[in-house]
Amino acid sequence: MKKLFAIVLALAFLTGCSSNLDHKNEIQENSYEESYSAPASDEKYDDFMDDEVTPMEAQEDIVGLEPEKVIVIVNIEFETTDIDKSIESIENVAKVVKGYIEDSSIEFGRGYSGGYKSANYSIRVPKENVEEFKRSISSETGTIVSESTSRSDVTKNYRDTKTRLEVLEEKEKRLRELLANAEDVETMIKIEDSLADTVSDKEILKSDLLNIDDKVDYSTINIWIKEVKQVSNVETTRTSYPERLKNAITGSFEGFVIGLGNIIINLIYMLPYIVLLIILFLLIRFIFRKLKPKMRGFRKKSKDREDVKDDEDR
């Protein structure tokens, strides 16, 4: 009887513990759900979620950023059969795009160059009109042989220079205030010397900024034009094999004719030197022939004397 009572008591105790544990777990779960429930609707939070930028949009914004100060230099080389017309075209296009010629030179053909001329131009064009200028001269000047473009980012240098300029301007302002309140001559002289150095440095920085602005606002386009009898054949991946074969045969024949003509022309230019060398050769040969018999006689006499001396010794 006692054993049965003990067993019932043990079962009752275990059941009570289990129910307490279940109740505690239920309380913990409810409290967890309450503490981590979704936040209440908030206008600021909703606005933030609506304005959220996707990674792709952020990447596009970063890629779209352009440096503030960029110096652009374009180099273009042309071949043309009429250089005078090409030069006129370049000068007219430069005026149309509101540019100006900064430097130019024309080399007139000499005899050994076949009479062909060449020209070099350095043109300053507003940066917003560079592409228009390139399109215009490409269609009117001649055949483009090579083209290159360089871009130099000077934004950091420009900002650093501007910051130094602002510091110097503030320093100049303080020095002028000190100069106005100076009481003795020695102090005034020291302040004036420092003020003169500050103003000089300030003007140099201003000049640097103006120079950068000028190079940024007006791009530099360097053009080399070469006059030729026939422009080079420009082949691309779309050029057919028969056309390539035709270009090779034509180019080979023309190269041979031009090379042979240049050799003949160079020989004509060298003709005076060749004649002089021939005259020197003939003169040396004539002198050598005149001296040759005398040299033989001298050698024979020397040999006879040696023979006589040998006989006396014997």
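Helices (H or I, at least four residues) and strands (E, at least two) are DSSP runs, numbered from the N terminus. The model is predicted, so local features need pLDDT of at least 70 and side-chain atom pairs count only at pLDDT 80 or more, while totals for chains, interfaces and linings use all residues. Residues are numbered from 1 along each chain as its sequence is written, and side-chain values use heavy atoms, with hydrogens and water left out.

Stay on H6 and show its side chains. Buried there are Thr155, Tyr158, Thr161, Leu165, Leu168, Glu172 and Leu175 (buried is under 20% relative accessible area, exposed over 50%, partly exposed in between, with a 1.4 Å probe and protein chains only). Their cover includes E4 and H7.

Next, display the sheet. It is open and mixed, with five strands in the order E2-E3-E5-E1-E4 (two strands pair if DSSP finds at least two bridges between them). Strands E2 (100–107) and E4 (143–153) are the edges, each pairing on one side only. Within the sheet, select E1 (residues 70–80) and E5 (residues 218–227): they run parallel and are joined by eight bridges. Glu79 stands opposite Lys226 in E5.

For the largest nonpolar core, of 21 residues, select Ile123, Val125, Phe133, Ile137, Ile221, Ile223 and Ile225, which touch the most other members. Such a core is a set of buried Ala, Val, Leu, Ile, Met, Phe, Trp, Tyr and Cys residues joined through side-chain atoms within 4.5 Å. Two or more residues each come from E1, H4, E3, helix H5 (130–140) and E5.

Finish at the one aromatic pair in the structure. The ring centres of Tyr100 and Tyr218 are 5.9 Å apart and the planes stand at 55 degrees, so the pair is tilted (centres within 6.5 Å make a pair of Phe, Tyr or Trp rings, the six-membered one for Trp; planes under 30 degrees apart are stacked, over 60 edge-to-face, the rest tilted). Tyr100 is in strand E2 and Tyr218 in strand E5, 118 residues apart.

How values were computed
Contact = heavy atoms within 4.5 Å.
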